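Work through the exercises below with the sequence and the model at hand. Each task is followed by a stepwise solution.

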Amino acid sequence: YLSCLEETQPMASPRRPQCVQNLVKTLRTLSPQNITFLGSVFLQPDSDPQLKKHMIDVLIDLGSYEAQTTVLDLILDSLQPRMSDVMECLISLTTMRARPIARMLDKLETIVFRPDQLP
């Protein structure tokens, strides 16, 4: 399913939403530990930027506690977050269907209202 996302460039491709939905559907069958593991593989600072962007989108669309925690741990609460990764998270969060966990809401509040408290 990741190859489907890679093949549907640009991001506005009409096939892209179906690729994301298929990947999310597959990830819903994984254990919480496997979701966290996938995030740890694809959301590292040196991960391929395009694959990282796709995984951010998919994890946020998945919306589970583990998916949100993984995005927080590896991107939004990172000591040295990449602005492009933070921006991708913020863009993806605008379409998240799941209810954000409290920690995600706290982080968004900090980004929006208290940016001086960010690293």
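**Exercise 1. Describe how H3 packs on H4.**

Step 1, handedness. H3 and H4 make a left-handed crossing (left-handed if the near helix is turned anticlockwise from the far one by less than a right angle, right-handed if clockwise). Helices here are DSSP runs of H or I with at least four residues, numbered from the N terminus. The model is predicted: local features need pLDDT of at least 70, side-chain atom pairs count only at pLDDT 80 or more, and totals for chains, interfaces and linings use all residues. Residues are numbered from 1 along each chain as its sequence is written, and side-chain values use heavy atoms, with hydrogens and water left out.

Step 2, contact residues. H3 contributes Ile-35, Gly-39 and Phe-42, and H4 contributes Leu-51, Lys-52, Met-55, Leu-59 and Leu-62; contact means heavy atoms within 4.5 Å.

Step 3, classes. The contact of H3 with H4 holds 6 nonpolar, 1 polar and 1 charged residues (nonpolar: Ala, Val, Leu, Ile, Met, Phe, Trp, Tyr, Cys and Pro; charged: Asp, Glu, Lys and Arg; polar: the others, Gly among them).

Step 4, geometry. The axes of H3 (residues 32-42) and H4 lie 9 Å apart, at an angle of about 155 degrees. Axes are lines fitted to C-alpha atoms, for helices over the stretch in contact, and angles run from 0 to 180 degrees between N-to-C directions. H3 and H4 are therefore roughly antiparallel (over 145 degrees; under 35 is roughly parallel, 65 to 115 roughly perpendicular, the rest oblique).

**Exercise 2. At what angle do H2 and H4 cross, and which residues meet?**

Step 1. The H2 and H4 axes cross at roughly 60 degrees and come within 9 Å. The crossing is right-handed.

Step 2. Arg-16, Val-20, Leu-23, Val-24 and Leu-27 of H2 meet His-54, Asp-57, Val-58, Asp-61 and Leu-62 of H4. These divide into 6 nonpolar, 1 polar and 3 charged residues.

**Exercise 3. Which helix supplies the largest share of the lining of the largest pocket?**

Step 1. H2 (16-27), H4 (49-62) and H6 (83-93) each supply at least two lining residues.

Step 2. H2 gives the largest share, 4 residues.

Step 3. The lining of the largest pocket divides into 6 nonpolar, 4 polar and 5 charged residues.
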